[in-house]
Amino acid sequence: MLGALAVAGPLIFHLIRRTTRERTVFSSLMFLRPTPPRLTHRSRLEHILLLLLRCLALALLALGFARPFLRKTAPTDAVSGEARRIVVLVDVSASMRRAGLWAEARNRVEAVLRKATPGDQVAVFTYGRQVSPLVSFEEWKAALAGERTGLVLSRLAATTPGWTGTHLGNALISAAEALADADGEKKGITGPRQIVLVSDLQAGSALDSLQAYDWPKGIELEVQALPARNTTNAGLQLVAESPDADRQATPAVRVRVSNAGDSTREQFRVGWARPDGTDFAGAVIDVYVPPGQGRVVAVPVPAGIPGLQKIMLRGDDEDFDNSVYVMPPEKQKLSVLYLGADAADDIHQPLYFLQRALPDNPHLTVRVVPHSPAAELSPAEVQDPKLFFVTEALPPATAALLREQMLAGKTVVFAPKTAEAATALGQLLGISGLGLENVQPSNYAMLAEIDFQHPLFAPFADPRFSDFTKIHVWKYRRVSAAAIPGARVLSKFDSGDPALLEIPAGKGRLLALMTGWNPDDSQLAVSSKFVPLLYSMLELGGGLIEQGTQIMVGDPVPLSATGPTTEPTVVRPPGGAAVTLPAGTASFTQTLQPGIYEFTTGQRTTRLAVNLDPAESRTAPLPEDQLERYGAPGPQAVPEPVQAARREALLQGAEAESRQKLWRWFLGATLAVLLIESALAGWTARRQARTVNTGGLTS
Amino acid sequence: MIASANSPGLSSAALIDPRALMSIRNLELRARVVVEGFWKGLHRSPYHGFSVEFTEYRQYTPGDDPRYLDWRVYARSDRYFIKKFEDETNLRCHLLVDQSRSMSYGSNGYTKAQYAATLAATLAYFLHLQGDAIGLLTFDEKVREYLPARHRSGHLRQLMFALEKPASGKATNLTTPVERITGLVRKRGLVAYVSDFLAPLERLEPSLLALTACGHEVTVFQVLDPAELTLNFEQAAVFEDIESEQTVYIDPAAARAEYLPRIEAHCAAVRATCQKLGIGYHRLSTEQPLELALFEFVQGRMRRGRLSRPSAPSRS
């Protein structure tokens, strides 16, 4: 109807016709004086009729283009009987904990369900890190038509958003596959297949898996994006210690404060929380983070306050991601027993290198205890070490003690200095008649056929690190692998003789390295492989607990990190009941919320911090075309309910209009008025011309 | 062709239609066409042998400076002759060209600025051929560009380049360039002042007086468009001042009666000022062929030269 405003056009033109004329640019107006325009009263009168006609024509044209219709209740067609299959995916990741999102999500789901016809099949899945069915197709079909919505809503009411990250890609794939599976089962349904995604579509959603997925044809994606009430959100993430952390005067924990892309505030406060979690303990750091960026700050550990385990952030709208739990790693103390008659400062002997290859670091202290084979070994001395190095022949008592420890689960590294140490190998393995032979290659030998699948060599599996040819071996001891039952050759010399063997013994194992690392035997000690190899041996012996990896909500915690898996482990989640895991369980998977988890195995108690996925803090909405970019079909954004009602009304109007086609009449009327206008204008012009010809003046 | 009646030396056939001339893009080429045509015209005219650098010999009379004796002639004829106006061959000519925006008006396909630039280029080329030094000063409300008078290769091209710049100034100040040239050029010379003079004239006379008082020989070319002289518009329209962008509604039929006397009075005022100061004044309509302007210029110079030239052989 805005077109009706065009009626003003002729009016304005008629008014300004006298004043606007063509413009003429002239060099100088210094000799010209303005002349008053001349007007004729009669022509004005005549033109008013023309003006009215022109206005009428334009008004009719505008009415015609407005496509009017008479509002009548048109007989609506019965809803097409095509049954649809719908999977409703409801986001229950941590970012859905934001104010108002969950209630809105439930409303949206309800709206979708209300629209479903009795013939439709609906399944409702929730997803965060994992996809779990809330109501499956089978349950939907099994329920009575009137109770289905109630069933979903009651289950939805019992669900709350969790603490996990958002693996949206996986969720979409699962939903698409669920639809495809249902296809296979039932051929009778011909209606559209649809995924309705109810999510806040935060930028931290993981979509990578969609990239490799071939989206099945015919599955539509409807996105119900939930708008966040407050957009300012900042999150915390633990950052690895800086390399010079041990040199700092005061211990500090580094955290990254990241601000969401659509935040409106930039100023936040970070500090340690008191053990009761109420307020800051110690110094508070003011952090300025522009939207969409992150800043790493070192939060110094306040002295004299025990039980600190949480760093918190204040200053944003949403507090679901405002804490990060920190468990300062305990310094591990390990000891290694070296059985050999070496002088500690003899640079030609293996001990010299062993002592220097395992220096102290903030997390680990390894003590190498040398012990001469000639001296007697007491049982107390073998209790603590996890790893034993044997380089010489041993007295039978010592060998028996070591074998006992090995069978109980410890690791012995046998690295004979000479072929005479063969007796020790026989004693340790319980095999008699095992012989070694000194070999001196004409030039040098190299390590070949390394088994990179084995945990010992796994760190070197990357092609960048797998080159062992720089290590030249001047002499080695030859052993027949066939003579040792159960021996696994992990590496050979290029001559084909075994270089490193693994022989399982009871719960433990023996590693037989057939050359020494000292420079008289080989270049192993001076190569870059030596230290990682020793740490691998420590890990293999179970002495070294891997640390430093952060555990996110939903990550499984390997129980090997908390103690021997041979005993049952009691896990105490934060604020929950203790769970006892039977012996032999590989990992604890129920990390459902952030906090400090306590693992008790026998006498030993390990406390691990589990934190929120930092991606959840990126709460700015995904770019609209992001899903399409990852291969999902274009999201058909669903308008707000009010808009939907309006659109429906518009649609009905359009239908009525197309039936009545009133615009034709208006267009016909316009043409008629224009014809009259032209005739009138022509007549006026002729009359004027005649007047001029006869010399009449109009003024 | 209108000027053929009062140009005794040039037949109308020899003149070039300015419209055709202006269609030549290159300013130097345009100037060359005019000057060469002018030379051809001269050959048919009774005024043989005159030029700005005209040199004549006069028999020596006691009292003349012996420095001006032509010894070669003496060697040939055994008589003493004085070389007259030798220094005029090293004439310095300054062209003052208006480049204000009022000059960018033109009703017959080219602007006054183009016409004025061609006129200036023609004069420059003509004088250059004679070995004179030519300088240029372009101006609008202030002095835009100044090229000192020189006679060397490349200078003419530089001058043409400066002339070809578009007229852009928002106002015309007629006195500043005159005052500037008075201050800059100490040695006597020739000054050709090309403008439409469509600006207040109050201070024009004192500044021109200062220039002539310095001994310069001044020639004024008032370049006007035919439309400016006749106001031959038919339709009433909103007239926009090209310089001030001020608009006025004007019905030419009604305004013409008042306009024509006023512009004529203005031109007469310029002419009167020039006559009073002994300055050559030429009013050129842009439809007049340029050769006429050149012819008038040379002729006027000759006439004034005869009138005002001192009889002493030396002009140093």
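Biologist: In which sense do strand 24 and strand 30 of chain A pair?

Modeller: This is a predicted model, and the answer comes from its bridges. Strand 24 (residues 551–552) and strand 30 (residues 604–611) of chain A are linked by two bridges. In one of the facing positions, M552(A) is opposite N611(A) of strand 30 of chain A. The sense of the pairing is parallel.

Biologist: Strand 30 of chain A also pairs with strand 29 of chain A; how many bridges join them?

Modeller: Strand 29 of chain A covers residues 595–601 and runs antiparallel to strand 30 of chain A. The bridge partner of E598(A) in strand 30 of chain A is R607(A). The number of bridges is seven.

Biologist: Which residue in the turn of that hairpin has a positive phi?

Modeller: Strand 29 and strand 30 of chain A form a hairpin with two residues between them. A positive phi of about 60° is found in this turn, and the residue is G602(A).

Biologist: Turning to the five-stranded sheet of chain A, which strands are its edges?

Modeller: The sheet is open, with mixed pairing and the order 4-3-2-5-6. Its neighbouring strands are turned against each other by 25° on average, direction ignored. An edge strand pairs on one side only, and this applies to strand 4 (131–135) and strand 6 (219–225) of chain A.

Biologist: Which residue of strand 4 of chain A is the bridge partner of V124(A)?

Modeller: Strand 3 (residues 121–127) of chain A runs antiparallel to strand 4 of chain A, and four bridges join the two. The partner of V124(A) in strand 4 of chain A is V135(A).

Biologist: What angle does helix 5 of chain A make with strand 4 of chain A?

Modeller: Helix 5 of chain A packs on the sheet and touches strand 3 and strand 4 of chain A. Helix 3 of chain A also lies across strands of the sheet, namely strand 2 (85–91), strand 3, strand 5 (193–199) and strand 6, and runs at about 175° to strand 2 of chain A. For helix 5 and strand 4 of chain A, the angle between directions is about 130°.

Biologist: Why are helix 3 and helix 5 of chain A described as roughly antiparallel to each other?

Modeller: Helix 3 (residues 101–115) and helix 5 (residues 148–157) of chain A pack with their axes 10 Å apart, at an angle of about 170°. Angles over 145 degrees count as roughly antiparallel. Helix 3 and helix 5 of chain A are therefore classed as roughly antiparallel.

Biologist: How many charged residues are in the contact of helix 3 with helix 5 of chain A?

Modeller: Helix 3 of chain A passes helix 5 of chain A in a right-handed crossing. Helix 3 of chain A contributes R106(A), V109(A), E110(A), L113(A) and R114(A), and helix 5 of chain A contributes T149(A), V152(A), L153(A) and L156(A). By class, five are nonpolar and one is polar, and the number of charged residues is three.

Biologist: Finally, what ipTM does the predictor give the complex?

Modeller: Chain A has a mean pLDDT of 82, with 86% of its residues at 70 or more, while chain B averages 78, with 82% of the residues scoring at least 70. The pLDDT is below 50 over residues 39–43 of chain A and over residues 43–54 of chain B. For the complex the pTM is 0.46, and the ipTM is 0.72.

Technical notes. Residues numbered from 1 in each chain as written. Chains lettered and ligands numbered in written order. Predicted model: local features only at pLDDT ≥ 70, side-chain atom pairs only at ≥ 80, totals over all residues. pLDDT = per-residue confidence, 0-100. Contact = placed C-beta atoms within 7 Å. Axes fitted to C-alpha atoms, helices over the stretch in contact; angles between N-to-C directions. Parallel < 35°, antiparallel > 145°, perpendicular 65-115°, else oblique. Left-handed = near helix turned anticlockwise from the far one by under 90°. Nonpolar A, V, L, I, M, F, W, Y, C, P; charged D, E, K, R; others polar. Pairing = 2+ DSSP bridges.
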